[in-house]
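Please look over the sequence and the model below before reading on. The briefing that follows is grouped by topic.

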Amino acid sequence: MKEKELVIPMLELSYDELNDSQKHLVEKAREACRRSYAPYSKFHVGAAIALDNGETVTGSNQENAAYPSGTCAERTAAYYAHSTYPEARFKAIAIAAIGTDGREVAEPVSPCGACRQALLEYETLSRNNVEVILVGSQKIYVLPSVRSTLPLAFCEF
């Protein structure tokens, strides 16, 4: 038997430590939270994706009484981005959330497994790493790629 360890590289930063393009993406994700439709969970998530054509596309979670017919913010943004700009490639995604108390979550939240897999598909299509920025009011995590959120994924580029 051989034991192995997975290590996920991640930076923990404050908002002020982000560069201008990261700050822009974080603000767009925060704004997208306000367009969420979450009458059941009361948990509002926003995502913003930077594309290599200079566009920024946003999405928010959209719930439905016929669970699981709704969709997460990350997939809303990803599917809209690719359907609107099919030739553009993803560069980065920021994800923010407003908790059930109506305030931005203190600790960053990460994408669900379905969103990780969907985003990995676009990272693979891009043939480049897509930076992931997970936003909380107290700290922000920056990961170098979607693959780092799903290290044993069945997908290659």
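How many residues does helix 1 have, and what does it reach from its first C-alpha to its last? Helix 1 (residues 20–33) has 14 residues and reaches 20 Å between those two atoms, close to the 20 Å expected at 1.5 Å a residue, where the expected span is 1.5 Å times one less than the number of residues. This is a predicted model, in which local features need pLDDT of at least 70 and side-chain atom pairs count only at pLDDT 80 or more, while totals for chains, interfaces and linings use all residues. Residues are numbered from 1 along each chain as its sequence is written, and side-chain values use heavy atoms, with hydrogens and water left out.

**Helix 1 and its cover**

- Helices (H or I, at least four residues) and strands (E, at least two) are DSSP runs, numbered from the N terminus.
- In helix 1, the residues Gln22, Lys23, Leu25, Val26, Ala29, Ala32 and Cys33 are buried, a term that means under 20% relative accessible area, with exposed meaning over 50% and partly exposed lying in between (1.4 Å probe, protein chains only).
- The cover over these buried residues of helix 1 includes strand 2 (44–51), strand 3, strand 4, strand 5 (131–135) and strand 6 (140–143).

**Salt bridges**

- The count comes to five salt bridges, each defined as a side-chain nitrogen of Lys or Arg within 4 Å of a carboxyl oxygen of Asp or Glu.
- One of them joins the side chains of Glu27 and Arg30 at 3.0 Å, N to O; both residues lie in helix 1, three residues apart, which is about one turn of the helix.
- Glu27 counts as partly exposed at 30% relative accessibility, and Arg30 is also partly exposed, with a relative accessible area of 22%.
- Another salt bridge joins Glu107 and Lys139, whose closest N and O atoms are 3.3 Å apart; because Glu107 lies in the loop between strand 4 and helix 3 and Lys139 in the loop between strand 5 and strand 6, the pair ties together parts that are 32 residues apart in sequence.
- Glu107 is partly exposed, with a relative accessible area of 42%, whereas Lys139 is buried at 18%.

- Glu63 has its place in the loop between strand 3 (56–60) and helix 2 (73–84).
- Although buried, Glu63 has no salt bridge, and the nearest side chain of opposite charge, that of Lys42, is 7.2 Å away; for charge, Lys and Arg count as positive and Asp and Glu as negative, while His and the chain ends are not counted.
- The side chains of Glu63 and Ser41 are joined by a polar contact of 2.3 Å.

**Aromatic pairing**

- The count comes to two aromatic pairs, and in one of them Phe90 and Tyr122 are stacked, at 4.8 Å centre to centre and 15° between the planes.
- That pair links distant parts of the chain, with Phe90 in strand 4 (residues 90–98) and Tyr122 in helix 3 (residues 113–126), 32 residues apart.
- Rings of Phe, Tyr and Trp (its six-membered ring) pair if their centres lie within 6.5 Å, and planes under 30 degrees apart count as stacked, over 60 as edge-to-face and the rest as tilted.
- Both Phe90 and Tyr122 are buried, and together with Tyr79 they form one aromatic cluster.

How values were computed
A polar contact is a pair of N or O atoms within 3.5 Å; within protein, one must be able to donate a hydrogen and the other to accept it, and residues adjacent in sequence count only if both atoms are side-chain atoms. Contact means heavy atoms within 4.5 Å.
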